[in-house]
Amino acid sequence: VSDVFIEETLRKWLDAHYDPVAGLYTFSSCVDLADLSGDGESRLVVGDLGSGSSGMKLKVYRGTALMSESTLLDLPAGLVAFFMDLHEPRIPAVAVASGPCVYVYKNLRPYFKFTLPGLEVNSLEQDVWQQAREGQIDPLTLKEMLEGVRKKADIPLSVRSLRFLSLETSDMDEFVQLHKQQPIRRQTVITCIGTLKKSTADEDGVSCLVIGTESSDVYVLDPEAFIILSKMSLPAAPTMMDVTGQFDVEFRITAACRNGNIYILRRESDKPKYCIELSSHPVGLVRVGKNVVVGCTDESLQGFTQKGKKLWRTILPAPITTMAAMDLPTRGFQAVLVGLANCEVQLYRDKNLLSTIKTPDVVTSICFGRYGREDGTLIMTTKGGGLIVKILKRTAAFDDKDSAPGPPLAQSVRLNVPKKTKLYVDQTLRERENGLAMHRAFQMDLSRLRLAAAKAYVKALESSLTPMSSSLTEPLKMNAVVQGLGPSFKLTLNVQNTAACRPVMNLAISFLYDESLYRMRNPYMKIPLLVPGLIYPVETFVECTSDKGISDIIKVFILHEGKSSPLLTAHINMPVSEGLTLN
């Protein structure tokens, strides 16, 4: 990125706050902005991952200070703020997806816990554990039977059985004694979460929760009773989601799945309506208007329509770490913020690069929106746990002319196409009225041309004017030369490999002739490896055994060793053995 381009970016953003030791370890899916107090000031809500095994917390920032924090029982997979009722004052709730549960906080206090329904348990697995409970089998036999069930059954094993199979032999008996009396359960976990407006598109309208699970299912939950309103299935587990529309009217759920494809779900179907197949796995998914922008692991940014048609593709200077939408409704501006591994955050509108922000560390999460009372606030967290806050200047303007070099301007200039002449119009009318007759005449002339070419080819073969042949399946060419006055003749075949760089090997030459007229020393010969471009002469001798003064045709075949179908065929007219001139 040029220094001039970065200088332009510095004039568009204000550095509001930077805390390199904030201790925030999170992703874009676990960050949101919401007015949690109803006073018109938005807070920053963060699902902090902690160390990955402990210290998971729900943190709320007001301005530059930590306002409150609550302990989470498991790693958060996603966090959203949503309105769950029509009560006044209009204060949103916060939903945190963690493991198989969704924890709902209202006024920053625990309000409700929703647990995903259990999955079907393998009946064979239940029978095996029942035998272990009754003491009919020992732990080693239990292991063998569970391994057999895992290989053959369609329903996966429960977590308990998978943990048992991973144990050492010495620990199996203790594990069985501890768990054999407990019922077997198979539980899925949440992979992503989003919100869907219930019946109105208002900013403070009631929203449903949309949950993607490891079992490849998508659930839509009622915002008040937290019952499942709709269940849809995907071919693979979703990792990212983007939801638009209203549940009671029409909606679309765009889900990036672990198999590298993107599926689009609609209201009237419980299975994907459209599918986008990507060349590499997606790492970011953002909807801009009616289009979907996808970041991939091959360092590319791609745009698609909501029906899966590819619009554009641009190459990025480094791998993508995170993506987020930048939406300014007051200016009618929408774009995509892309965090890169080279400590940059780039702003794209379609495939045009509008701005580049240099950061002191690699950015792991991005959130843009209203923070405090400022609408255009960009909040970023870094790999080292830092917190960066930037504010978009009110005078900032993003123009596509600031983007990377594209096609020349001359392509957008309209050509001065001349008006249609009377001759052109008359010819068009003639073709329209007599199209069938013109097509028949063309086909007749084409057939006559093919017939004339075939007759000329047959005449050349029969007269042996050019005893040369070319293969249609292999890059070979052969030329035959007959020398001598008889009764002995020398037959020389010049074989050439016409390929650019590929050698040809394992070839042989076979001769077919009338044995009552001719006798050959070598009727079958092997050809050495043919190097491209060189001419290899293959010589043999033919002796005429007839004294009647007649001649015949000798057929030459080049074929692969061990195969009967020839690659190349040539006919050689032998001269009369009484010293006549060769044909």
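Predicted model: local features only at pLDDT ≥ 70, side-chain atom pairs only at ≥ 80, totals over all residues.
## Ground rules

Local features here need pLDDT of at least 70 and side-chain atom pairs count only at pLDDT 80 or more, while totals for chains, interfaces and linings use all residues. Residues are numbered from 1 along each chain as its sequence is written, and side-chain values use heavy atoms, with hydrogens and water left out.

## Overall form

Let's start with the fold: the protein chain holds seven helices and 37 strands (DSSP runs, H or I of at least four residues for helices and E of at least two for strands, numbered from the N terminus). Its radius of gyration is 39 Å, well over the 25 Å that the globule rule gives for 583 residues, so the chain is more spread out than a compact globule. That radius is taken over C-alpha atoms, and the rule is 2.2 Å times the number of residues to the power 0.38. Along its principal axes, the C-alpha trace spans about 120 × 90 × 55 Å.

## Burial

Of the 583 residues, 43% are buried (under 20% relative accessible area, with a 1.4 Å probe and protein chains only).

## Cysteines

A search of the whole structure turns up zero disulfides, a disulfide being a pair of cysteine sulfur atoms within 2.5 Å. For cysteine 208, the closest cysteine sulfur belongs to cysteine 192 and lies 16 Å away, too far for a bond. Cysteine 367 is likewise in no disulfide, and its nearest cysteine sulfur, in cysteine 30, is 12 Å away.

Both residues are tucked inside by the burial cut-off: cysteine 208 is buried with a relative accessible area of 0%, and cysteine 367 is buried at 9%.

How values were computed. Buried < 20%, exposed > 50% of the residue type's maximum accessible area, 1.4 Å probe, protein only.
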